[in-house]
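User: I am new to this structure. Please show me how to read its contacts and its interface.

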Amino acid sequence: MSRLREFLRGDATATRIVPPSGFTASLTIASAAAMAFLAVFAIALQLATGELASRWESELSGTATVRIPAVGDGDEARAEAVMTALGQTPGVVSARRIGAEEQTVLLAPWFGEGVPLEKLKLPILIDVTETAEGPELTGLTQRLAAEAPGAVYDNHSRWRVPLAEAASRLRQIGGIALFLIAAVTVVTITLAATAALSANGQVIDVLRIVGARDGWIAAAFTRRFTLRAFWGALGGTAAAMIGVALIPGGVETGVLSGLGFDGLEWFLPLLVPFVAAGLAFVATWVAAARRLREDG
Amino acid sequence: MIELENVAMEFGGRALFEDVSLSLADGSFHFLTGPSGAGKTTLLKLCSLELRASTGRVKLLSQDVTEMDRDRIAGLRRRIGIVHQDSRFVDHLSVGENIMLPLSVAGRSTKAAGDLDELLGWVGLKGVEDRRPPELSGGERQRVALARAIILSPEIVLADEPTGNVDWEMSLKLLDLLIELNRLGKTILCATHDMNLIRHAKSRASTRVLRIRDSAVSLAGAGL
């Protein structure tokens, strides 16, 4: 900790050894700001897709639908038999038959309002709430087949699995984006540091003449670039956080509606400048050490 | 103090000098002379640890530097003051900061403003500490370089053509400073091709002359 404090404070002259301006300074600050800006949005995307996946999962899991094809005579009796069977099945919390009015509402988007549903042979639907473990599916399916031939027990897995996969892919893309942002930051700062070391060959020669160790020279450059990356990233992070805060909320559907931070999540992007500074520290130190070794 | 044993130096397959052996005692004052391209600067760079010998052994301040690692070389260089013909500085730092740079590098306090004043007074440059090196004349730059070279009170001062870019009057001032340092016990090795300067020095102090010729170094005779 004391070494970190010493590194950050540095010697007043040592801090000024690396010229304070020039294109490498602008490049480092601007790229750190841009990358931090993108990183904050990538983090927001990560959080949003995570929340979306959880929401889809919680909305669709723990529920199932039994669909009994309407054949005419005996439909009611078969529905009663299925309700009885469900009531006796371990893993089923409750079963509720979906009434005609509710079915009308569900079908309205496809058939429009005022369709005489009584004239259609609509299947009988039963909404089932499961325990966390759920019922034993093989046994339940066999029993339903015996009580009501053609009845289907649908636990929504064919919806849930692709949605979960889509959310997982989005999270992976967010992760890859963060990785690429970090990689581009490292490459840019390495290039800037290498260019700065080349442009300051005379400074390095002078430092060597007066007895500076490679570690001292590398630390002088590393301190400059670490602080530049930190301040640049802080600016980019602040701009991105303002941008995220200004995204309109209130729409409950879609990915973008969840893009943002809640509560303690607002502290997460504040890590970005520190990560950028850490990456700049490592990139500059490695570039400086390599360059000084090559110079001999 | 400075010892070279059978030192050879090659550049691109060409031998600049071969089998050079010399020993400079503590507190001595030597000039190093010879025609251009003979290897005066190279020999000084061997002594200032800026170059390593192709073969042979170099000892400085009783330490064999032949296989010395880079950190220890940097440490040893703090005990050697170096003045180049084209003195290089950190141009965006002030003259004062440039002179105190060896203190920063050595981790010593740079707060001793009084010492800086005294040093600038000694080299005849009082009042220039806040100026930038590019604003100085050739002679002023050489004196600032000398002040920087001695701020850590080194045991050896190496000067490579320190009067190469200055007029005769300034050359004499710089020579006076080197003689004064020698009287304070510093070992001086000064490369120059200026025979008048050497003659003037010999009339004022006990100095010896090393001559590089035909890839060899020899002690010049009294007839110089």
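Analyst: Start with contact, which means heavy atoms within 4.5 Å. Leaving out residues up to four places away in sequence, A:Ile217 touches A:Ile204, A:Leu207, A:Arg208, A:Ala212 and A:Leu292. This is a predicted model: local features need pLDDT of at least 70, side-chain atom pairs count only at pLDDT 80 or more, and totals for chains, interfaces and linings use all residues. Residues are numbered from 1 along each chain as its sequence is written, chains are lettered from A and ligands numbered from 1 in the order in which they are written, and side-chain values use heavy atoms, with hydrogens and water left out.

User: How many residues does each chain bring to the contact, and what area is buried between chain A and chain B?

Analyst: The size of an interface is often given as the accessible area lost when the parts come together. Buried area is that loss (1.4 Å probe), summed over both parts. Here, about 2,100 Å² is buried between chain A and chain B, with 55% from carbon and sulfur atoms. Chain A gives 23 residues to the contact and chain B gives 21.

User: How many salt bridges does the rule find across the interface of chain A and chain B?

Analyst: A salt bridge is a side-chain nitrogen of Lys or Arg within 4 Å of a carboxyl oxygen of Asp or Glu. The rule finds three across the interface of chain A and chain B. The side chains of B:Arg88 and A:Asp205 form a salt bridge, at 3.3 Å from N to O.

Note on methods
Buried area is the accessible area (1.4 Å probe) that two parts lose on being put together, summed over both.
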